[in-house]
Amino acid sequence: MLNKWLKSLASSLFVFLPIIEMLRNTKFKDIELFNVALIELVLIVLILTMVALTIYKHKYHFSKILFFIAIVYCAYLFLHCFHIYSFDTVIFPLNNPSYFVELYYLFRVYLLPLLLIFVLLENKDVFDKQFYLSISKYLIVVICGNIVFCNLFRFSLFSYKYENEALINNSTFFDVFNVTKDYKELFSCGFFPSANQISIVLVMLLPLNLLSLYRKVSIINTLLVVLQLFAMIIVGTKTAVLGSILELVSGLVMYIGFAILPKQQSLKGNYLIVLICLMILTTCTIYISPFYKNYSSEQNDLSVLTEKQKYIYKQLESLPIESAISFIKSNYSTFKINKMFIDYYPIEDDPVFWINIAKRDRSLNNDYRIIKQDILARIVQRNDNTFDRYFGLGYSINFPDIERDYVYQYYLFGIFGVILFIGSYIIIYLYNLYKAFYKANFNYYYALPLVSCLFGLVVCYFSGHLFGWSFPMYILAMCLCYQREDDYCDKG
């Protein structure tokens, strides 16, 4: 009876995940119960109920370990929350330290996925391989179906918009040959609020989709992979587009590698042919897609300055600090400084920093990840508190995501926070990787799902949007728990 409840609750959780993400674009997200958003409360209740059932099912045989882990996390949370109040708000006035905001964010975004991993790993008798593959198929159908359908009928959200309120009036492939504006206007992400988040989710799901195809090469499974590949190209981010082709190549290379090793499975000719055809199809589609046309048509050389721009740079060199403040404000576009960052971190508060930023290579300022990281590093430098390194500035500092995971979490939560909230996922992955060299696990069935987590954990350093966001972290949790120590033989 408990097993049925656990399976039903876990299935409900994954069924709700993409729906909840789409609801974040609606006013439904503002509905609250007990001062907690209803869509978040659903996930919290489902996971905590599964945790309670798991503890009851296993008769507390792991209570000492749980108690020790709980003590470690509670100690960090106490010290972290105590530390964030020591920040000098004069340096960054947007900082608004709050115990409640900090604890709720860490619990909702980082601890809940870890609790889900605990439930899934402690109940391997309930959550078998077929469960994960079925869930991944559902997620792919809902996510990719939404992206492709909405794009074809031109009522999807833009991928490259800070405020995803406007709907596209173009279709990625129907309008690619007659577009007269920015090709990025053809990229769309369905009704999902973030193209970057959905990109990394799709990157983690693709290897599981390929595994389903390998287990049974059928028309339905082939079309499901085709659907996902088209959706990833429609989204148009580097993570999605380049990730699709890289994972196909990885799947092919790994399979051939295992096939030529002694005492490994023989080549499945039909799978090999389909995989090669998918690679060719994807490559050709990318070539005619807005993604390729957009990046091949970008001719802006940021190192080449017009005469007027050279004169502006020359003037800046000779201006005193007081005059440089207003001068940079008037010419921020020449220095490729987005006004958004000046609003976040006013020039008047740190003129020396902004003068140095204005004088450097414009290509650095044009990369938002770099300039956001530079501002955050400067804030830490000015705060001059040794404990920032260990406990971080806190989520409630209200600084925008720098879109580079690990680095962003280091600034928010410190070294200890990174170890506790991100290190756990890496340790589980490394353990799964270690198990891959067991004789029973050294095969394509076990190795291919490892690509899911590897790509997710690597890509997030360059594009962010894995850690710190609920949806992709739940998918990462699922992918980490797929690996099992049981039979990986081909069941056809």
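## Around Asp401

Leaving aside neighbours within four places in sequence, Asp401 is in contact (heavy atoms within 4.5 Å) with Lys372, Tyr408 and Trp469. Asp401 sits in the loop between helix 17 (388-391) and helix 18 (407-421); helices here are DSSP runs of H or I, at least four residues, numbered from the N terminus. Lys372 is 29 residues away along the chain, with 8.2 Å between the two C-alpha atoms.

The Asp401 side chain makes a polar contact with the side chain of Trp469 at 3.1 Å, and the backbone nitrogen of Glu403 is reached at 2.8 Å. A polar contact is a pair of N or O atoms within 3.5 Å; within protein, one must be able to donate a hydrogen and the other to accept it, and residues adjacent in sequence count only if both atoms are side-chain atoms. Asp401 counts as buried because its relative accessibility is 14% (buried is under 20% relative accessible area, exposed over 50%, partly exposed in between; 1.4 Å probe, protein chains only).

## About the model

This is a predicted model: local features need pLDDT of at least 70, side-chain atom pairs count only at pLDDT 80 or more, and totals for chains, interfaces and linings use all residues. Residues are numbered from 1 along each chain as its sequence is written, and side-chain values use heavy atoms, with hydrogens and water left out.

## Salt bridges

There are 13 salt bridges in the structure (a side-chain nitrogen of Lys or Arg within 4 Å of a carboxyl oxygen of Asp or Glu). Glu317 pairs with Lys359 at 3.7 Å, linking helix 11 (residues 307-318) to helix 14 (residues 351-359) across 42 residues. Glu317 is exposed at 52%, whereas Lys359 is partly exposed at 36%.

Note on methods: Helix = DSSP H or I, 4+ residues; strand = E, 2+ residues; numbered from the N terminus.
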